[in-house]
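The sequence and the model are shown first.

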Amino acid sequence: MKKLIMKMFAVIMFILASFSYAQANKTSDEFSYAFDIFRNGDFGRAGAAFADICQTESNMEILADSCFMAALSYFQAADFPTSYEFCEKFMQSFPSHPNMPDMQFLKGRILFKLGLYADAISVFDIFINRYPDSPFCSSVLFWKGESYYQLGDFAQALSIFNKIKEAWPNTEATSLTAWRITVMASESREAKYARLAEFESRRNIYRDVQQMQEDVYGEQRHLRDYLWSKAIRKYSARPNIETRELSADETSRNNKLNILLEAKERALNLLIWKIDNYLKDITP
């Protein structure tokens, strides 16, 4: 009876071992299949395949690799929010994993892609402090400089780019840095020309308005001279018994002329007022 029990126990252990081996082989095959999809460039499907393994796998080594590959696949597929989820899961679940520097770098890249440039800079700073001897340092510094560039801090970005050129003269990051510095120089020239063009345009507008104002003032001055001379002639004229009285038609025409002159004077005063206000608005 004792021998029979031992034999049954041995059979059960064999079955369990066979089942575990089969499960391990199945998981390995699924990982290989997902990895083949990744290598073929179908990153969205690869990310979904690795995500499925993460949900069902109990083997910590395969789970860690699947989580890492899921984050990378979704990043390549431009699904940055999902990539960030698996990135955080990996960093929380496997803090001592050998691929942690890669994941830290990927996290910074994800934040950059999401437009969270200040957060990306913080992550890149953590990477540089933790892994100062990492071969990724030049690339991390480049993306840190890019983050400052996107934030509009061009001085800080240029300082970082110059540091990369000095410390890593023959790397891919140096080539990217040279490209970015060239772009920054071109943008700076374009911005300078745009400011000059705007200044010239404003100056020409100011000159036109100034000339218009002078013309209006001149016309108003002539109008006032005319009205003043008319008033002088009216009050300085002596009565003449031979002077005939003005007809009703002549009196009516003179009244109409005076009304028109007064209306023109008011219009000129209004135009001058508007020009003065416009000049105040455009004055630097």
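## Salt bridges between helices

A salt bridge here is a side-chain nitrogen of Lys or Arg within 4 Å of a carboxyl oxygen of Asp or Glu. The model is predicted, and side-chain atom pairs count only at pLDDT 80 or more. By this rule there are four salt bridges.

One of them joins Lys-107 and Glu-88, whose closest N and O atoms are 3.0 Å apart. Lys-107 belongs to helix H5 and Glu-88 to helix H4, so this pair ties together parts that are 19 residues apart in sequence. Lys-107 has a relative accessible area of 15% and is buried, because buried means under 20%.

Asp-125 and Lys-144 also form a salt bridge through their side chains, at 2.7 Å from N to O. Asp-125 is in helix H6 (residues 117–130) and Lys-144 in helix H7 (residues 137–150), so here too the linked parts are 19 residues apart in sequence.

Arg-39 and Asp-36 meet in a salt bridge with an N to O distance of 2.6 Å. Both residues lie in helix H1, three residues apart, and are therefore separated by about one helical turn. Arg-39 counts as exposed, with 59% relative accessibility. Asp-36 is partly exposed, with a relative accessible area of 33%.

## The largest nonpolar core

In soluble globular proteins, nonpolar side chains tend to be buried together. In this model, the largest nonpolar core has 30 residues, of which Phe-50, Phe-86, Phe-90 and Met-103 touch the most other members.

What does Phe-86 touch, leaving aside residues up to four places away in sequence? Its contacts are Ala-51, Cys-54, Cys-67, Ala-70, Ala-71 and Tyr-74.

## The second core

A separate second core contains 21 residues. Among them are Phe-105, Phe-124, Ile-164 and Ile-181.

Notes: Residues numbered from 1 in each chain as written. Predicted model: local features only at pLDDT ≥ 70, side-chain atom pairs only at ≥ 80, totals over all residues. Heavy atoms only, no water. Core = buried A, V, L, I, M, F, W, Y, C linked by side-chain atoms within 4.5 Å. Buried < 20%, exposed > 50% of the residue type's maximum accessible area, 1.4 Å probe, protein only. Contact = heavy atoms within 4.5 Å. Helix = DSSP H or I, 4+ residues; strand = E, 2+ residues; numbered from the N terminus.
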